[in-house]
Amino acid sequence: MVFLLIPCTKASGLYGGYIIHANDTLVQQDTDPEKTRERALTSRVDYNATDSITFALEDQKVFLYGSGFVKYEDIELRADYIEIDFSKDEIYASGITDSTTGEVTGKPVFTEGEETFRAETIRYNFRTRKGHISGVITEQEGGFLHGETTKKQDNDHIHIQRGKFTTCDEDDPHFHIAMSRAKVIPDDKIISGPLYLVIEDIPLPLGLPFGFFPNTKGRTSGVIAPSYGEERTRGFYLAGAGYYFAISDHMDLSVKGDIYSLGSWGFEAQSNYRKRYRYNGSFRFAYSKNVAGQEGLPGFHENESYNIAWQHRQDAKASPNSNFSASVNFGSSAYNRYNEVDPDRHATNTAQSSASYSYNWPELPFSLRANARINQNFSQETIDMSLPTVSFNMARQYPFRSGMGTADSRWYENIQVSYSAKIDNRINTTESMLFQPETLRNMRSGFQHDIPVSANFRMLNVINITPSVTYSGVMFPNSIRKRWVEDIYDEGSGEYVSKVVTDTIPGVVYGHAINPSLSMSVSQDIFGMFQFSNSRVQAIRHVMTPSVSFSFTPDMEGIMPDYYRTVQVDEEGNETTYSIFDNAIYRTPSIRGRAGNVSFRLSNNLEMKTRDSSGEERKIKLLDRLNFQTGYNIYADSLNWNTIGVTGSTSFMDNDIRVNFGATIDPYALDQDGRRYNKFEWTANNRPGRVTRANLSLDMRFRSAVDDRPAARETEDPSAVAASDDIFGHLDGIDHTAHFYPDYVDFDVPWNINLRYSVNYSKPGFDSRVTQTLNFSGDLSLTPKWKIQFSSGWDFDARDFTMTNISIYRDLHCWEMRFGVVPFGARKSWNFTIQVKSQILQDLRYQTQKSWYDNFFR
């Protein structure tokens, strides 16, 4: 036997029965053509090592020592010791035991295509593509498969004896499902014989006679396991049981249901969809029937509720000229009251839904908008709908301008014209009347369009002058007339009274008017600078911006159609003026009489420039804004002055503390009945004015510096959207009716506290009211694996805490523990869950809870 040792070689290889040395000399192994052809490999074998390569020429073997590497077609093998037998087209690999520590290093890592194995030893035949592996660890679609003895067949099927399946990435996993034997079919399934659960090397009496694990890429259809438990008012339950349909790579559907032993039940269907570079969204429908207590006994309660949620987003690349989006959250108030547990939504008494479509004509100034809107108030059970609103607009055009405008443009080149048209249908109703015929009959509809023509001129580089003429037209399906009726029966009081009666006159009515107007405005920045010497404060700059604007509309009575009428309002014969379009959704196109207003505004900004000990300059905003504004109605017969508005804001500590404040001051006094009359407050009561409204809000945010410790785990942010063509999101099978702790846990910031305080003062008449709110939230990372989060507030009227949530999260490497509690109040409840992180074994969990539902019916 002849050995050839080549230390620290470059790449060597073999092709067609020849060994190619590092020095490019060839050693022929067999001169018999038939034998060579029978044994020849179809591709080149590349190999190298960092320590040495030994050749056994007579036995046709190569030995690689130290970070050995072998590549043949799509097969790669790395190990500290590799033995290649070219006579059998076979390879053997293992690690090397350190003589000092006894630790085995450089264990084999075998890769074929997209599959990778880690093992103690590997023996593999290139030609038959069969192998024998001991101590194998391979990743299978998010899980890890361990095998004491493993055989790989030529069809890539893997047979395992004494195996383990786990989602823990440790070589010695914290938990696993022990299998006596198993078969792995790539991209299909894993089938096993008897199996049982092992946690921390302790076998548990939880086993099955056989097992089946999906092993496909992407999503697969399957059963969603329920959670179970007991509630005092609704009895024993199974919640979240259902089926998941993997319809395609772009769409899925889950159908889940809840059932309770005392008669309550619920149903939910949810679908996610995504088309890359086109659109994505989700749809959810839920219906529930809640029964609490025993029928016929005190405390019995029964209700039915529903909720529809739809989110649709169009990718900006899909169509640059059109867009469709939807954000729908519509349902009965009972659903929000008896089913929803999200703290933010529970504390919200309103919900908004909308869907919109827009189109812009390319290279044309025209655009089309259509949207539908629904606003709900759960506390009052009212619904306001706009179904739909369609608008057509023409962007501003300069009909007398050729090319772009310049400073030398003639005055008529500044004339501009635009067009807007809108049609609207509105419904105001209650939940109980939503699907009644009279609701549709009471729908208010209308059409409106405007053609404004205007120009803008600037005098002395300070004064802006804007004359304009606007044609306005409206169309309604009816109009009104009012009349004074004496001795009419009033159903509310049950007596005969005299009052104003409003009659609705059916028939399409079109109203129009031409409204000329003139507006002027002047504004100028005034700078003030206070400089300091021999001080860290270099200067303080004050920017003051006074502005005055004037608008005038002439009286067009006798020139434009008159849509105003008079009606008697009391038995003394007093009359008032009304418009025949008073109940319409758009204003009357013409105004009655002339109008003239002057507006005054004063804006202030205060900044300071400092220099630290190193000489670096820094600007600090002392006052972001302090604004005063009021107005004067020239043609009003009394109460000409508007109220004085004051608004301001400032911030400290790099915006970690923000202060906003405001006030409204009425210059006029009140009479003995609490009504404003034409006498100034300083004349009547020697005061500068009446503060009718004031507010102050304080927002504070305190947080530590970003932690440089390694994050234990950051759970998936639900707001993040993957850039893949696949659908987003997943179904975790957890009973979300009890899942009130947050899904997103951020360990980067060790602690964070947010506080918001606001106080509002109101005194429109003689009576005043002060309301205060205080909300605070935060989180604390006790260690890189412990996280506490909380949110609460203080109700100053009730002198009690608002809804309070405390959640505790513990990262257990491949497991996680969550505990959430609402310690007091109507939603008093708690929930404890410990589960495997991976979605593959999402049903391997323990969950227990005390439902808030028991608090409502005792």
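Helices (H or I, at least four residues) and strands (E, at least two) are DSSP runs, numbered from the N terminus; by this assignment Leu-782 is found in strand β51. The model is predicted: local features need pLDDT of at least 70 and side-chain atom pairs count only at pLDDT 80 or more, while totals for chains, interfaces and linings use all residues. Residues are numbered from 1 along each chain as its sequence is written, and side-chain values use heavy atoms, without hydrogens or water.

**View A. The protein chain, with 5 helices and 57 strands.** Of the 858 residues in the protein chain, 37% are buried (buried is under 20% relative accessible area, exposed over 50%, partly exposed in between; 1.4 Å probe, protein chains only). The protein chain exposes about 47700 Å², of which carbon and sulfur atoms supply 54% (areas come from the Shrake-Rupley method with a 1.4 Å probe; for residues, only the protein chains shown count as cover). Among contacts between residues at least 6 apart in sequence, 52% join residues at least 24 apart; a contact means heavy atoms within 4.5 Å.

**View B. The nonpolar surface patch that includes Leu-782.** Trp-751, Ile-753, Leu-780, Leu-782, Phe-790 and Ile-806 make a patch of about 480 Å². Strands β50 (751-762) and β51 (769-783) are the elements that give two or more residues to the patch. Leu-782 counts as partly exposed because its relative accessibility is 47%. Patches take residues with over 30% relative accessible area and no salt bridge, joining like charges within 9 Å and nonpolar side chains (Val, Leu, Ile, Met, Phe, Trp, Tyr) within 5 Å.

**View C. Strand β13 and its two pairing partners.** Strand β13 covers residues 115-118, and its side chains alternate. Strand β12 (residues 109-112) pairs with β13 in the antiparallel sense over 4 bridges; two strands pair if DSSP finds at least two bridges between them. Phe-110 stands opposite Phe-117 in this pairing. The two strands β12 and β13 form a hairpin with 2 residues between them, and Gly-113 in the turn has a positive phi of about 65°. Strand β15 (residues 131-140) is joined to β13 by 2 bridges and runs antiparallel to β13. In β15, Thr-138 is the bridge partner of Phe-117.

**View D. The hairpin of β47 and β48.** Strand β47 (residues 668-670) and strand β48 (residues 676-680) pair in the antiparallel sense over 2 bridges. Tyr-668 has Phe-680 in β48 as its bridge partner. The hairpin has 5 residues between the strands, and Gly-674 in the turn has a positive phi of about 80°.

View E. Ser-305 counts as buried because its relative accessible area is 0%. The side chain of Ser-305 makes a polar contact with the side chain of Ser-288 at 2.9 Å. A polar contact is a pair of N or O atoms within 3.5 Å; within protein, one must be able to donate a hydrogen and the other to accept it, and residues adjacent in sequence count only if both atoms are side-chain atoms. Leaving aside neighbours within four places in sequence, the residues in contact with Ser-305 include Ala-286, Tyr-287, Ser-332 and Asn-339.

**View F. Backbone geometry at Pro-388, Leu-639 and Asp-654.** Most residues other than glycine have a negative phi, and most peptide bonds are trans. A cis peptide bond joins Leu-387 and Pro-388, with omega about -20°; Pro-388 is in strand β33 (residues 382-397). Leu-639 has a positive phi of about 50° although it is not a glycine, and lies in the loop between β44 (617-633) and β45 (644-652). Asp-654, in the loop between β45 and β46 (657-666), has a positive phi near 55°. Asp-654 counts as exposed because its relative accessibility is 60%.

**View G. Salt bridges, 34 by count.** A salt bridge is a side-chain nitrogen of Lys or Arg within 4 Å of a carboxyl oxygen of Asp or Glu. Asp-811 forms one with Lys-837, the closest N and O atoms being 2.9 Å apart. This pair links distant parts of the chain, 26 residues apart: Asp-811 is in strand β54 (residues 805-812), and Lys-837 is in the loop between β56 (829-836) and β57 (845-850). Both Asp-811 and Lys-837 are buried. Glu-231 and Arg-234 meet in a salt bridge of 2.8 Å, N to O; Glu-231 is buried at 3% relative accessible area, and Arg-234 counts as buried at 7%. Glu-73, Asp-74, Glu-112, Arg-129 and Lys-152 are linked in a network of salt bridges.
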